Amino acid sequence: MRVLVVTAVPVERDAVMRAFGGPEEHVALPGSELHRCGAFDVLAGGAGPAAAAAATAFALASGASASAPYGLVVSAGIGGAFTPVTPLGSLIVADGIVAADLGAETADGFLPVTALGFGRDRFTPPPALVRAVAAATGAATGPVLTVSTVTGSAERAGALLAAHPGVLAEAMEGFGVAEAAARADVPVLEVRAVSNAVGPRDRDAWRIGDALAALTDAFGKAAPVLQGWNSHEDLEG
Ligand SMILES: O=C(O)c1cccc(C(=O)CC[C@H]2O[C@@H](n3cnc4c(=O)[nH]cnc43)[C@H](O)[C@@H]2O)c1
């Protein structure tokens with residue numbers, strides 16, 4: 001099965017590609033470039049949900065996978081963790097991909113877009129695949145938020161935790177990748193390596209190198225699971 005992996009920035013793409021260790025082929029797409037190794041196409045689609053959705057949609061629609069259709073799209077990269085249960089350098093596989101700030105602010109608080117009567121605010125990756133990738137990589141599983149603004153205060157972190165009990169992490173692309181994949185009827189997964197704690201902004205405390213190394217390690221271990229996954233395993237529960 002062919003797998004499309006979408007990261008935000010080139011260093012994340014390169015961290016994923018290092019896991020495969022083989023020769024790379026580069027395929028030009030409008031606005032970006034696919035890096036291909038075997039069954040995996042890896043794309044740095046840009047930061048934020050809009051860039052991620054546009055890049056993913058182009059890759060899915062461009063016929064870049066012409067030898068066979070993509071069977072899975074993975075949103076991957078570094079991310080911020082809400083809890084010390086997932087320390088810096090650890091890995092998270094999302095069991096829910098949640099748009100945290102898509103909706104309306106009201107006098108009574110935030111209303112998700114679904115409460116306004118349209119759209120959606122959550123995608124659920126295939127549960128059996130989430131379990132299999134977590135088992136192969138030692139990752140924690142839980143909801144991952146997609147935000148357009150990186151959280152920078154304890155107040156905002158607390159509000160997100162209160163609105164999304166059990167949330168493990170936030171990042172900026174998962175929901176955009178998932179929207180594009182859903183339109184192509186392709187299942188989606190999100191994998192995040194923790195680079196920082198969510199809360200008051202402290203860029204010097206981000207451990208990007210450790211998180212990128214964890215991403216490489218994770219894709220090395222997950223590659224056979226991703227490539228061999230059969231969507232029927234999830235249909236059968
Ligand atoms: O400065 C660098 O060297 C560098 C290397 C790799 C990646 C970056 C990024 O800034 C990636 C941005 C990307 O990371 C996600 N992210 C990471 N932590 C958080 C967070 O606390 N809240 C939200 N997003 C986070 C996000 O998906 C960004 O697109 C820099």
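This is a predicted model: local features need pLDDT of at least 70, side-chain atom pairs count only at pLDDT 80 or more; totals for chains, interfaces and linings use all residues.
**Ligand shell and polar contacts**

- An N or O atom in the side chain of R203 is 2.9 Å from an oxygen atom of the ligand, while a backbone N or O atom of M172 lies 3.0 Å from an oxygen atom of the ligand.
- A polar backbone atom of G80 is 3.4 Å from a nitrogen atom of the ligand.

**Largest pocket**

- The lining of the largest pocket comprises 21 residues, with E12, I78, V150, M172 and W206 lying nearest the pocket centre, and the elements giving two or more residues to this lining are α1 (10-18), β5 (70-81), β11 (169-171), β12 (188-197) and α6 (208-228).
- Of the residues lining the largest pocket, 12 are nonpolar, four are polar and five are charged.

**Second largest pocket**

- The second largest pocket, with a volume of about 230 Å³, is lined by 14 residues, and A100, F110, L160, A163 and H164 are the closest to its centre.
- Two or more lining residues of the second largest pocket come from each of β6 (91-99), β8 (109-112) and α4 (154-163), and α4 gives the largest share, four residues.
- The lining of the second largest pocket has eight nonpolar, one polar and five charged residues.

Methods:
Residues are numbered from 1 along each chain as its sequence is written. Side-chain values use heavy atoms; hydrogens and water are left out. On a 1 Å grid over the protein atoms alone, a cavity is a set of points where a 1.4 Å probe fits but cannot get out, and a pocket is an open set with protein on both sides within 12 Å along at least five of seven lines; lining residues have an atom within 4 Å of a point. Ala, Val, Leu, Ile, Met, Phe, Trp, Tyr, Cys and Pro count as nonpolar, Asp, Glu, Lys and Arg as charged, and the others, Gly among them, as polar. Grid points are joined across faces, edges and corners, and a volume is the space filled by probe spheres set on the points. A polar contact is a pair of N or O atoms within 3.5 Å; within protein, one must be able to donate a hydrogen and the other to accept it, and residues adjacent in sequence count only if both atoms are side-chain atoms.
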